Amino acid sequence: MDSTSTQQTDAIGRGELPPLDRVRDDVWSLAQPMPGGHLAYSFTYLLVADDGGVHVVDPGWDSDENWERLLAALAVVAPEFLGAAAVSGITGTHLHPDHVGMAARLRRASGAQLSMHAVERAALARHSTRLLDLDEALGRLECWGVPEARRAELAQYVDRSPEGLVVAVDRDLQDGEQLPVPGFGLVAMSTPGHTAGHLCLRDDERRLILTGDHVLPTVFPGLGLGGPTSSNPLSDYVRSVAALAPFGDYEVLPGHGFRFTGLAERATECAEHHLTRARQVDAVLGEPGPERSVWEIASRLTWTAGWEGLHGFQLLSALNQTEMHRDFVRAGGLSDG
């Protein structure tokens, strides 16, 4: 895996935000700051269409500062327009607010339609009406074997919708559909795993692929982070990573980090990271003795912060991931791989 932007990697080395970066004559990347500390920014991509309009992919976290950054970038890439009037379309790779939080503001200001995968649109609708059912939350924690003294700590996070989720999606995108961006052959690829309706976008002529949070250069994407699904997110992820194989020599424009080549290698690494955790779970399940709860399995695994260092949302996330890996193993996912 090799970086294709010295601007981005040099800025990272200095601990700075990458500047507006020209990927192609008609493709730009804009780093948009985000809160939380785990990742400093997400990338917004600006595609300048043949008709002069700008198609925005993943506008980023909604803040006044990011709004001004976006307007400044639009003034550079489409100077003949005034502000948001340059925007002719908006696409979200997935529902997380660090990617589409500002889509609602941009949609109102520009009149452009927002497009996302139909599955993601339905998930957003569920998030907009979801309320915490404390009894249900506590019941799930009990089923996981969480000690009673820790349940109150975790219950508040069960199925909680992230703040800042955009709701108004105008157009559903399906796998294989070409986006209406003049001069671009931009094709939507369904790549579930991180969320159930995650999309990658590829342009075969430019040999570019926008991967959202599906494949990242510096961190491994979390899985199952879009709400409950009927399928196992790890199984979905392994399959959708394999679907990227024909495009392994494309330049990757990810949601975080820096643009790079070496997609095939990095995609394999990302899948292997999660399969390694599944093998750890399999080893625990194979030990003699009574059936172990999700809590007991998770306590036996290796975590970056250490098991004792997990609290609140991070602990709940670890338990969710453990359940996902346990179910993957029980369904024969490791033998299928």
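Each stop below says what to select and what is there.

**Before you start**

This is a predicted model, in which local features need pLDDT of at least 70, side-chain atom pairs count only at pLDDT 80 or more, and totals for chains, interfaces and linings use all residues. Residues are numbered from 1 along each chain as its sequence is written, and side-chain values use heavy atoms, with hydrogens and water left out.

**Stop 1: the sheet**

Show the strands as a cartoon. Seven of them form an open sheet in the order S2-S3-S4-S5-S6-S7-S8, with mixed pairing. Helices (H or I, at least four residues) and strands (E, at least two) are DSSP runs, numbered from the N terminus. Two strands pair if DSSP finds at least two bridges between them.

Which strands are at the edges? Select 21-24 for S2 and 171-173 for S8; each pairs on one side only. Neighbouring strands are turned by 25° against each other on average, direction ignored. Axes here are lines fitted to C-alpha atoms, for helices over the stretch in contact; angles run from 0 to 180 degrees between N-to-C directions.

Now select helix H4, residues 103-110. H4 packs on the sheet and touches S5 (54-57), S6 (87-91) and S7 (114-117). The direction of H4 makes about 155° with that of S6. Contact means heavy atoms within 4.5 Å.

**Stop 2: strand pairs**

Strands of a sheet pair through backbone hydrogen bonds, either parallel or antiparallel. Select 27-33 and 41-48. These are S3 and S4, which run antiparallel and are joined by seven bridges. Pick Trp28: its bridge partner in S4 is Leu46.

Move to S6 and S7, a parallel pair with two bridges. Thr91 has Ser115 of S7 as its bridge partner. Next, S7 and S8 run parallel, joined by three bridges. Find Met116 and look across to Asp172 in S8, which stands opposite.

**Stop 3: two helices against H11**

Select H9 (263-285) and H11 (312-330). Their axes come within 9 Å and cross at roughly 75°. Show side chains for His274, Leu275, Arg277, Ala278, Val281, Asp282 and Leu285 in H9. They meet His325, Arg326, Phe328 and Val329 in H11. This contact has six nonpolar, two polar and three charged residues. Ala, Val, Leu, Ile, Met, Phe, Trp, Tyr, Cys and Pro count as nonpolar, Asp, Glu, Lys and Arg as charged, and the others, Gly among them, as polar.

The axes of H7 and H11 are 8 Å apart, at an angle of about 105°. H7 is therefore roughly perpendicular to H11. Arg150, Glu153 and Leu154 of H7 contact Gly312, Leu315, Leu316 and Leu319 of H11.

**Stop 4: the cavity**

How many cavities of 30 Å³ or more are there? The count is one. A cavity is a set of points on a 1 Å grid over the protein atoms alone where a 1.4 Å probe fits but cannot get out; lining residues have an atom within 4 Å of a point. The largest cavity holds about 50 Å³, a volume being the space filled by probe spheres set on the points, which are joined across faces, edges and corners. Select its lining, including Gly193, Thr195, Leu225, Pro233 and Asp236.

Terms used: 1 Å grid on protein atoms, 1.4 Å probe; cavity = no way out; pocket = protein on both sides within 12 Å on 5 of 7 lines; lining within 4 Å. Parallel < 35°, antiparallel > 145°, perpendicular 65-115°, else oblique.
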